[in-house]
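Biologist: Please take me through one part of this model in detail. I would like to follow a single spot and see what it connects to.

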Amino acid sequence: MKKDLILILDFGSQYSHIIARRIRDFGVYALLCCYDISISHILSKKPKGIILSGGPSSVYDNNSPLISKNIFQLNIPILGICYGMQLISFLFGGKIEKSKYKEYGKSFLIINHLNNINKNLLFYGIPKKSIVWMSHFDEIKNISKEFQIIGHTSSCPIAAFKHKNKDIYAVQFHPEVKNTEFGISIFKNFVFHICKCNTNWKLDNFVQNAIDNIKKRVSKKKVILGFSGGVDSFVTAYIIHKAIGNSLNCIFVDTGFLLEKEKEKVSFLCKKMNFSIRIIDAKNHFLSKLDGIIDPEIKRKIIGKEFISIFQKESEKIKDVEFLAQGTIYSDVIESSIFSKKNRLRESIKSHHNVGGLPKKLMKLKLIEPLKELFKDEVREIGKKLGLPKEILYRHPFPGPGLSIRIIGEVNEKKIFILKKAESILLQELKNDNVYNNVSQAFIILLPVKSVGIMGDKRTYEHVAVLRVTNTEDFMTATFSHLSYDFLEKISNRIINEVDGINRIVYDITSKPPSTIEWE
Ligand code: XMP
C-alpha cells in the first residue's frame with residue numbers, strides 16, 4: 001500500500017530529525033532530505049506536505065542555504081520552522097534582520113484573532129496563550145502582503161504567519177521540541193487537517209517486507225556483516241538470517257578495546273541464534289598501532305582504518321560474497337548526508353569510525369541496510385516484536401573505538417585492564433540497583449592524571465577516573481543523570497577498593513552541548 005509522506009527539508013537544525021520522529025509517531029511516514037533536493041525529485045516522492053526545518057544560517061549570508069521559489073507553486077502544503085520561516089518570508093520579499101538579542105528558551109505565544117478560525121487550521125484547538133520554545137537570532141521585520149500574521153510573543157511581533165490563499169504556514173518557534181506546550185497538536189493539525197494524511201506507516205509490516213526483499217535480492221549469493229553485538233547489528237543480523245540463513249556471515253573484530261567478557265557474550269548469543277560468526281582476535285594488532293598516539297582524532301582514524309582493513313581481509317576468505325550488510329540506522333544516514341562536504345551545515349565534531357567510508361574493494365559489494373529508515377527506538381520496537389533478549393535490546397550504546405577513547409591520552413595494556421574492571425563494576429551496580437534502564441549511557445573515563453590518596457595508612461599515587469552517566473532521547477543532546485549520592489558513593493567505594501590503579505573518582509556534571517558524551 002502506498003504510504004502518505006511528509007518530506008522535511010533539512011537546513012541543519014539540531015532538531016530536524018525530531019520533526020520526523022514526531023510525525024512517524026502519528027503513524028505517518030516522514031523523511032528528512034537535504035534542503036538542496038531538486039523540485040523534480042520532490043515531485044517524484046509525491047509528498048502530501050513539506051516542512052522546512054530550522055538551521056544555524058542567516059538568510060542574508062552569502063552562502064546561506066536557499067531553495068527555489070517554485071516550491072510554492074507545487075500546490076503542496078508547506079510549514080516553515082525558524083530558519084524555514086525566515087526563508088519563506090525572504091523568498092516572498094519580506095525583510096529579515098539580526099535582532100538585538102538572541103532569543104533562546106521559553107516564550108508565550110499569543111494567537112492573533114482571525115474572524116474565521118478555519119482560516120488558521122495550524123492552531124486549531126490550541127489555547128490563545130501557550131508556552132513555545134524559541135531559538136533564534138534573526139527576526140522578521142515585515143512580511144509580504146500575501147501573508148497574514150497569526151501569532152506573536154511579547155518580544156517577537158511576527159512569531160507565526162500564513163499565506164492568505166495557499167496552504168503555506170510558518171512559525172518562529174520550535175513545535176518539535178518538547179518544551180513547546182502544544183507542539184504535537186500543531187504538527188497533528190498540519191499533518192491531518194492541512195495535508196490530509198492518513199495513518200498508514202506501521203512497523204508491523206516492516207520486518208516481513210524486509211525479509212522478502214532480502215530473499216529476492218540475495219538469492220544464492222553470500223552476505224557479510226560487520227557484527228558489533230549492539231542492538232542495530234543484532235536486529236540486522238536477525239532479519240537477514242531469517243531471509244537467507246547461513247548465507248549470512250557475521251564478522252566480529254575483537255579490537256581489545258571491548259568491555260569485559262564481551263567476546264564471550266557475543267559468541268554465546270550468536271550460537272543461541274544460530275548465526276554463523278567469525279571472531280577475529282586483533283587485540284595486539286590494534287594496541288601496537290596506537291603505540292604513542294595521544295591525539296583523539298588520530299586514534300579514531302587509525303582504529304577506523306585498521307578495522308576496515310581487517311574486515312576486508314576476512315571477507316575475502318569467504319567465497320561468493322556479493323553483498324555487504326550494515327546495521328546503519330536513520331540517524332547515521334542523516335548524519336552522513338548532512339555532513340557531506342558539499343553541504344556542510346553542521347560542524348563535524350568527531351570522526352565516527354563506522355560512518356567513515358569504505359575502501360574501493362568493499363564498495364564493489366552491494367549494500368544491504370534493512371534498518372536504514374528507522375530510528376533507534378523503532379529498531380528496539382522491532383527487536384521486541386521479534387522476541388530478541390532484553391539484554392540486547394536495551395544495551396547502552398558502545399562506541400566503535402571502544403575503551404581506547406575512554407583512556408585519555410596514550411593507551412596501553414595496563415590502562416585497558418584497569419578501565420575494564422572499573423566499567424564492569426559500574427555496570428554491575430547499575431543493574432543491581434535497577435538504574436541501568438533509567439539512564440541512557442554510563443561509563444568510566446581514565447585520566448592521564450594521578451592524585452595522592454591514602455589507603456590503609458599508606459600513601460597512594462594513582463589515576464583519577466571520571467564517572468559519566470547521561471540521559472538523552474537521541475544522543476545528539478544529553479544531560480548528566482541526577483544519580484543519588486548514596487549510589488554515587490557506592491560506585492566510588494567499590495571501584496577504589498577493588499581496582500588497583502584508581503584512587504579517586506569524580507562525577508562529570510556537564511550536558512551535551514557544550515560537552516560531548518564521550519571525552520575523546
Ligand atoms: P558524543 O561523544 O559524540 O557521542 O557525544 C554520541 C554517541 O555516539 C557514540 N559514539 C560512537 N559510536 N562509533 C560509534 O558507533 C564511534 O566512533 C562513536 N563515537 C561516539 C557515543 O558513545 C554516544 O553514544
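Modeller: Arg-24 is buried in this predicted model. Its relative accessible area is 4%, and buried means under 20%, so Arg-24 falls in that class. The side chain of Arg-24 meets that of Glu-378 in a salt bridge, at 2.9 Å from N to O. Arg-24 sits in helix H1 and Glu-378 in helix H12, so this pair ties together parts that are 354 residues apart in sequence. Glu-378 is buried too, because its relative accessibility is 5%.

Glu-378 has another partner. Its side chain also forms a salt bridge with Arg-21, at 3.9 Å from N to O. Here again distant parts of the chain are linked: Arg-21 belongs to helix H1, Glu-378 to helix H12 (residues 376-386), and 357 residues separate them. Arg-21 and Glu-378 are both buried.

Now widen the view. A network of salt bridges links Arg-21, Arg-24, Asp-25, Asp-377 and Glu-378. Why can such pairs form? Side chains of opposite charge can pair when their charged atoms come close. The count for the model comes to 25 salt bridges.

Conventions: Residues are numbered from 1 along each chain as its sequence is written. This is a predicted model: local features need pLDDT of at least 70, side-chain atom pairs count only at pLDDT 80 or more; totals for chains, interfaces and linings use all residues. Side-chain values use heavy atoms; hydrogens and water are left out. A salt bridge is a side-chain nitrogen of Lys or Arg within 4 Å of a carboxyl oxygen of Asp or Glu. Helices (H or I, at least four residues) and strands (E, at least two) are DSSP runs, numbered from the N terminus. Buried means under 20% relative accessible area, exposed over 50%, partly exposed in between (1.4 Å probe, protein chains only).
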